[in-house]
Amino acid sequence: MADENSSKRRRPAKRRPPAAEVARIEAIFARLAASNPEPKGELHYTNPFTLLVAVALSAQATDAGVNKATPALFAMADTPEKMVALGEDRVREAIKTIGLFRNKAKNIVALSRLLIERHGGEVPPDRDALTALPGVGRKTANVVLNIAFHQPTIAVDTHIFRVSNRLPLARGATPEAVEEGLQAIVPETYLLHAHHWLILHGRYICKARKPECGRCILYDLCKFKEKTA
């Protein structure tokens with residue numbers, strides 16, 4: 001199983017860019033690393049299970065909104081067993097301020113039950129096992145694998161998709177294409193934290209409507225034609 005799992009995490013074969021582009025990419029991540037050596041996700045959690053739940057709840061919702069709802073939920077249920085015992089009605093009441101809360105409550109209880117039935121109540125460190133759970137897509141699985149299990153995954157959300165296409169790092173028409181491209185070109189040294197740096201950069205600097213280019217530490221390395229400063 002270990003060999004099988006490691007093969008699933010193997011990075012795509014690199015198509016090496018020109019030397020100047022390799023140097024630019026290296027410089028981008030060196031600056032991001034220097035400005036924030038130990039980046040952290042902004043969702044609040046206490047263990048791999050509460051992380052999984054928080055990330056699943058964050059789909060089409062903000063991290064801030066999720067963080068307002070989850071303290072009360074996690075105080076009542078911070079394990080799959082407690083979440084199943086809590087039940088869908090009480091989960092739904094606890095997360096009713098989050099978008100799509102009815103369906104999310106159903107999924108949270110269902111995935112908790114499957115964690116008990118299939119994985120002894122533990123969150124599995126395997127993408128296929130995670131995406132087999134209700135309400136858990138590839139992005140959610142990648143976040144959990146990266147944060148809880150320190151695997152060098154890249155979870156492409158709207159921020160990473162935008163930043164990667166703008167700078168550019170890896171261009172792609174889909175999140176999966178961008179993920180594959182980033183896995184191939186991000187230097188190994190920076191791969192573990194790459195998705196955190198890019199998410200935070202997109203959330204606070206390289207914003208969708210009004211990128212704050214005047215505050216951007218990557219300004220001279222960015223090829224975006226519509227820079228604002």
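The following legends describe close-up views of a predicted model.

Local features are given where pLDDT is at least 70 and side-chain atom pairs where pLDDT is 80 or more, whereas totals for chains, interfaces and linings use all residues. Residues are numbered from 1 along each chain as its sequence is written, and side-chain values use heavy atoms, with hydrogens and water left out.

**View 1. Packing of helix α10 on helix α11.** Helix α10 (residues 158–166) packs against helix α11 (residues 175–185) at an angle of about 60 degrees, with the axes 10 Å apart. Helices (H or I, at least four residues) are DSSP runs numbered from the N terminus; axes are lines fitted to C-alpha atoms over the stretch in contact, and angles run from 0 to 180 degrees between N-to-C directions. The angle makes α10 oblique to α11, the term for angles that are not under 35 degrees (roughly parallel), over 145 (roughly antiparallel) or 65 to 115 (roughly perpendicular). Ile160, Phe161, Ser164 and Asn165 of α10 make the contact with Pro175, Val178 and Leu182 of α11; contact means heavy atoms within 4.5 Å. By class, five of these residues are nonpolar, two polar and none charged (nonpolar: Ala, Val, Leu, Ile, Met, Phe, Trp, Tyr, Cys and Pro; charged: Asp, Glu, Lys and Arg; polar: the others, Gly among them).

**View 2. Crossing of helices α3 and α9.** The axes of α3 (residues 48–57) and α9 (residues 138–149) come within 10 Å and cross at roughly 145 degrees. Pro48, Leu51, Leu52, Val55 and Ala56 in α3 meet Thr140, Val143, Val144, Ile147 and Ala148 in α9. Nine residues of this contact are nonpolar, one is polar and none is charged.

**View 3. The largest nonpolar core.** A nonpolar core is a set of buried Ala, Val, Leu, Ile, Met, Phe, Trp, Tyr and Cys residues joined through side-chain atoms within 4.5 Å. Of the 37 residues in the largest core, Leu73, Met83, Val91 and Ile95 touch the most other members. The largest share, eight residues, comes from α3. Leaving out residues up to four places away in sequence, Met83 touches Phe49, Val53, Leu73, Ala77, Val91, Ile108, Val109 and Ser112.

View 4. Tyr190 lies in the loop between α11 and α12 (191–204). Tyr190 counts as buried because its relative accessibility is 12% (buried, under 20% relative accessible area; exposed, over 50%; partly exposed, in between; 1.4 Å probe, protein chains only). Beyond its neighbours within four places in sequence, Tyr190 is in contact with Glu26, Phe29, Ala30, Ala33 and Trp197.

Methods: Helices (H or I, at least four residues) and strands (E, at least two) are DSSP runs, numbered from the N terminus.
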